[in-house]
Amino acid sequence: MNADSAGLRRGWAWVAHLRAGGTTPWHEFTGDAASQGPWLPGAIQLELARRVNLAGDPQPDVVERVLAASAPGRGLPDLELIGADNGSAFGPRPVDPAQVPLKELIRLGTGVLAEELAQRDPAPVSTRRRRRARHHVEGDPLLVHRAVGGLREPRSEGGRLTVVGTSLETMLYDVWAMRSLTGAVPAWGRWVRRFAETNRLPVGIDLPTLARRWSRQFGREHVVISVEEPTSSPAPEAVEAVRHVVTALRVLVPADQMHRLREGLLNPWALAQPGEALGVRAIQRPWLERNAGLMADRIVAAGYPVHGDLGILTAFSASNAAPRPQLVLQSVVTLLREGWDQR
């Protein structure tokens, strides 16, 4: 296709439309403008720019960053715009931007976010805030206060220390969420499958083991186990967005800057997005139910006082077994438009 074809002129007109805050999909667009050369921004970039515009008032700076970006990691290469492509028989086929998989829009968007974060270096969190943040995102999952971080901490009440748990499924999700915010972990489904296939659980959610640990420190007579109904956890889609950003950011900044970015921006944002814990797949429920039953039996055999219902350990939610891509993309677009400082 020559540099002044009707398809390219229409393509450049759509680029101008998006730069001005437009939201019309490519297949509905009929404008025309002078060609600015044979190479348009890629279809993935154009569709993400349109999604940014759909989310609110025009933000031309964000749109420009998206149009100029390249997606990190493994995935589709930059794709030409169908109807405005160069007609080459080589390389990937041109596409309608509306058909671009959501995971590719997420990959591009989190790459843009990582590039922006690489230019920032927050001051270290104060000693008091660092201590609180460490409890939120770095400690054993049962040492983190559920009300603010999505997880649990032991409570000291009336001279007793209470180890707090909930359904095994929710505790399993909480561990994954916290590890996603503090290190590199696989996607939820793959991470759970690793434990199910080896018939084991993360050490941090074994309530009788935790009670025994605290008994050594405070005395067995002072330790109580409480099993409570699940409450809110960090929203899976927010955690998944951060997990992707961290993957892209890791190759852009040194470890100390990464730590400050996580502690000062990424993790506080994710923990401020409440949601419902992810569930396991139906095929994995017998494994989790069996382990929850064994855990309840061990708690009874150990003789620890129990508050609440041990049957909660075996409860399963009706929630999704994976983060919903549409909501992950929504989180990414919100971060592109509003930044990490919004709560």
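Student: What share of the 343 residues in the chain is buried?

Tutor: This is a predicted model, so keep that in mind throughout. Buried residues account for 50% of the 343 residues. The chain's secondary structure amounts to 13 helices and 6 strands.

Student: How do I read the contacts along the sequence? What percentage joins residues at least 24 apart, among contacts between residues at least 6 apart?

Tutor: The figure is 76% of those contacts.

Student: Where does Leu161 lie, and is Leu161 buried or exposed?

Tutor: Leu161 belongs to strand E2, residues 160–165. Its relative accessible area is 7%, under the 20% cut-off, so Leu161 is buried.

Student: Now the core. What should I expect in general?

Tutor: In soluble globular proteins, nonpolar side chains tend to be buried together. Here the largest nonpolar core holds 93 residues. Leu207, Leu313 and Trp340 have the most contacts inside it.

Student: Which helix gives the most to this core?

Tutor: H7 does, with 9 residues.

Student: Then let us follow H7. How do I read its packing against H11?

Tutor: Take the distance and the angle between axes. The axes of H7 (residues 168–182) and H11 (residues 255–271) come within 10 Å and cross at roughly 150°. An angle over 145 degrees counts as roughly antiparallel, so that is how H7 runs to H11. The crossing of this pair is right-handed.

Student: Which residues of H7 and H11 meet?

Tutor: From H7, Met178, Leu181 and Thr182. From H11, Arg262, Asn267, Ala270 and Leu271. By class, the contact has 4 nonpolar, 2 polar and 1 charged residues.

Student: And at roughly what angle does H7 cross H8?

Tutor: Roughly 120°, with the axes of H7 and H8 (residues 188–197) coming within 11 Å. That angle makes H7 oblique to H8. This crossing is right-handed. H7 brings Leu172, Tyr173, Val175, Trp176 and Arg179 to the contact, and H8 brings Trp188, Trp191, Val192 and Phe195. By class, there are 8 nonpolar, no polar and 1 charged residues.

Student: Are H4 and H13 roughly parallel or roughly antiparallel to each other?

Tutor: Read the angle again. The axes of H4 (residues 102–117) and H13 (residues 325–338) come within 9 Å and cross at roughly 30°. Angles under 35 degrees count as roughly parallel, and H4 and H13 are therefore roughly parallel to each other. Their crossing is left-handed.

Student: Which residues make the contact of H4 with H13?

Tutor: On H4 they are Leu102, Leu105, Ile106, Gly109, Thr110, Val112, Leu113 and Glu116. On H13 they are Pro325, Gln326, Val328, Leu329, Val332, Leu335 and Leu336. The class count is 11 nonpolar, 3 polar and 1 charged residues.

Student: Last, the backbone. What is the general rule for phi?

Tutor: Most residues other than glycine have a negative phi. Asn199 has a positive one, near 50°.

Student: Where is Asn199 found, and how accessible is Asn199?

Tutor: Asn199 sits in the loop between H8 and H9 (207–218). Its relative accessibility is 44%, so Asn199 counts as partly exposed.

Conventions. Residues are numbered from 1 along each chain as its sequence is written. This is a predicted model: local features need pLDDT of at least 70, side-chain atom pairs count only at pLDDT 80 or more; totals for chains, interfaces and linings use all residues. Side-chain values use heavy atoms; hydrogens and water are left out. Axes are lines fitted to C-alpha atoms, for helices over the stretch in contact, and angles run from 0 to 180 degrees between N-to-C directions. Helices (H or I, at least four residues) and strands (E, at least two) are DSSP runs, numbered from the N terminus. Angles under 35 degrees count as roughly parallel, over 145 as roughly antiparallel, 65 to 115 as roughly perpendicular and the rest as oblique. A crossing is left-handed if the near helix is turned anticlockwise from the far one by less than a right angle, and right-handed if clockwise. Contact means heavy atoms within 4.5 Å. Ala, Val, Leu, Ile, Met, Phe, Trp, Tyr, Cys and Pro count as nonpolar, Asp, Glu, Lys and Arg as charged, and the others, Gly among them, as polar. A nonpolar core is a set of buried Ala, Val, Leu, Ile, Met, Phe, Trp, Tyr and Cys residues joined through side-chain atoms within 4.5 Å. Buried means under 20% relative accessible area, exposed over 50%, partly exposed in between (1.4 Å probe, protein chains only).
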